[in-house]
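Please examine the structure below with attention to its side-chain contacts.

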Amino acid sequence: MPSLVLCYAADDEIAVRRIGGYLETNLPFTVSYSEAVVRPGLDLVDATERAISAEMALVFLSPHSVPAVWSRPKWEPVFFEQPDEFGALLGFVLLADCKFPELIRRKSFFDARMDLDHEARRLRRWLLHPDWPVGAAVPASELADRPGAKDLACADAEAFGAAHGADFEGVYRIDCQNRSDAGILGDLGHAMELRLPGTTFQNRAALQAESPKHRRLFLIAHATPAHRELLEFGGLASVIFLTDSPFRTPASLEEVMAAFLTVVRDEALCSGLLGDAIACLDVLPEPDLIRLGWAILAHLKESQRYAEVIELLEFLHARAGAASVKRIEWELSWFCDKPFQGKADHILPTAAGNVVQLSLFS
């Protein structure tokens, strides 16, 4: 996990730990409070020079921390040159009125004299997206200020996304409409560009292990109580369960066949139609069933969505005639024995929900 080192004077520790604790709650960083504390023989510039060996550092300016005399030949290289040399992110936080070089204000500068909590929220945004403009106002929000889950109407969720999209690394919408656990987790992994390795149980464990490493927001439509338990991973994720999301009209058989049964598939399009495609298998005669089934299987294998591969193969095995059974059984045995041990839950998705990366950051 990346390290964030705090440079400060011991007399400012209460304020510094308040900001540091907030950042630890919301960001996938390890915060160090002990490496760069100002003390006799180690002034603020020396402490900063030590801190920028880490990925990120914050310098807290106050009457207790600033040196009595600012020597430009000493501070300018440390504050303006060395961070670029080391590839370190360096920011400055003003805690109280004190004397410091005005050039520092041209760096990533945060004035916490009046409102410590507000500047902590601005710091969070900057550390999460250092190349984005932070802006003057960052509103408070329970869901943005602390990971967790909440029920919201679609309009309220949209307003939240517009105000707080920049507080997350990514914002994802998942539709659980008639989807199995394997399909929902597959959609999540695909949206986050994760190659999930195995069964439904293993995939959920992989997503749960990933959750403390990223600050993400998930908007979940049509979640049942079972889906809620499945999708609350903990860690740094915030989850909004949409309470009034309209039900989607599934894609037609013609649209599904056109997407999957083509020489060069659009894999992104096929991912969005995946549940609808599997639902279409229920109404097809065997030749078309097998033809579309293998096309869906090829897409799932390409995406390494193995739990869904097993679901599909078991469904095809139950519906296929003798000519196709042996090949299906061979595929089943390979997928069960080689990529991972065990089987996925045997729940067939009957319709789909599209995975959408929301455009909240424009």
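Why are tryptophan 75 and phenylalanine 79 separated by about one helical turn? The two residues are four apart in helix α3, which spans residues 72-86, so about one turn of that helix lies between them. An α-helix has 3.6 residues a turn, so residues three or four places apart point the same way. The model discussed here is predicted.

A search of the whole structure finds eight aromatic pairs. One of them is formed by tryptophan 75 and phenylalanine 79, whose arrangement is tilted, with 6.3 Å from centre to centre and 35° between the planes. Tryptophan 75 counts as buried, at 5% relative accessibility, and phenylalanine 79 is buried with a relative accessible area of 0%. Phenylalanine 79 also forms an edge-to-face pair with phenylalanine 92, at 5.0 Å centre to centre and 80° between the planes. This second pair links distant parts of the chain, since phenylalanine 79 belongs to helix α3 and phenylalanine 92 to strand β4 (residues 89-94), 13 residues apart. Phenylalanine 92 is likewise buried, its relative accessible area being 0%. Together with Trp70 and Phe80, the residues Trp75, Phe79 and Phe92 make up one aromatic cluster.

Aromatic rings also meet charged side chains. Arginine 17 lies over the face of tyrosine 33, at 4.1 Å from the ring centre. Arginine 327 is placed over the face of tryptophan 294, at 4.0 Å from the ring centre.

How many disulfides does a search of the whole structure find? The search finds zero. For cysteine 98, the closest cysteine sulfur is that of cysteine 7, and the 14 Å between the sulfurs is too far for a bond. Cysteine 98 is partly exposed, with a relative accessible area of 22%. Cysteine 270 is in no disulfide either, the nearest cysteine sulfur, in cysteine 280, being 12 Å away. Cysteine 270 is buried, with a relative accessible area of 0%.

Two residues deserve attention for their backbone angles. Most residues other than glycine have a negative phi. Glutamate 193, although not a glycine, has a positive phi of about 60°. Glutamate 193 lies in the loop between α7 and α8 and is exposed, with a relative accessible area of 73%. Histidine 222 is not a glycine and has a positive phi of about 60°. Histidine 222 is found in the loop between β8 and α9 (225-231), where at 13% relative accessibility it counts as buried.

The charged pairs remain to be considered. Side chains of opposite charge can pair when their charged atoms come close. The structure holds 22 salt bridges. In one of them, the side chains of glutamate 119 and arginine 122 meet at 2.8 Å, N to O. Both residues lie in helix α4, three residues apart, about one turn of the helix. Glutamate 119 counts as buried at 6% relative accessibility, and arginine 122 counts as buried at 14%.

Another salt bridge joins the side chains of arginine 228 and aspartate 151, at 3.0 Å, N to O. Because arginine 228 lies in helix α9 and aspartate 151 in strand β6 (residues 148-152), the pair ties together parts that are 77 residues apart in sequence. Arginine 228 is partly exposed, with a relative accessible area of 27%, and aspartate 151 is partly exposed, with 41%.

Aspartate 276 and arginine 248 form a salt bridge through their side chains, at 3.1 Å, N to O. This pair links distant parts of the chain, with aspartate 276 in helix α12 (residues 274-280) and arginine 248 in the loop between β9 (238-242) and α10 (253-260), 28 residues apart. Aspartate 276 is buried, with a relative accessible area of 2%. Finally, Arg124, Arg125, Asp145 and Asp167 are linked in a network of salt bridges.

Conventions. Residues numbered from 1 in each chain as written. Predicted model: local features only at pLDDT ≥ 70, side-chain atom pairs only at ≥ 80, totals over all residues. Heavy atoms only, no water. Phe/Tyr/Trp six-rings, centres within 6.5 Å; stacked < 30°, edge-to-face > 60°. Buried < 20%, exposed > 50% of the residue type's maximum accessible area, 1.4 Å probe, protein only. Lys NZ or Arg CZ within 6 Å of the ring centre and 35° of its normal. Disulfide = S-S within 2.5 Å. Salt bridge = Lys/Arg side-chain N within 4 Å of Asp/Glu carboxyl O.
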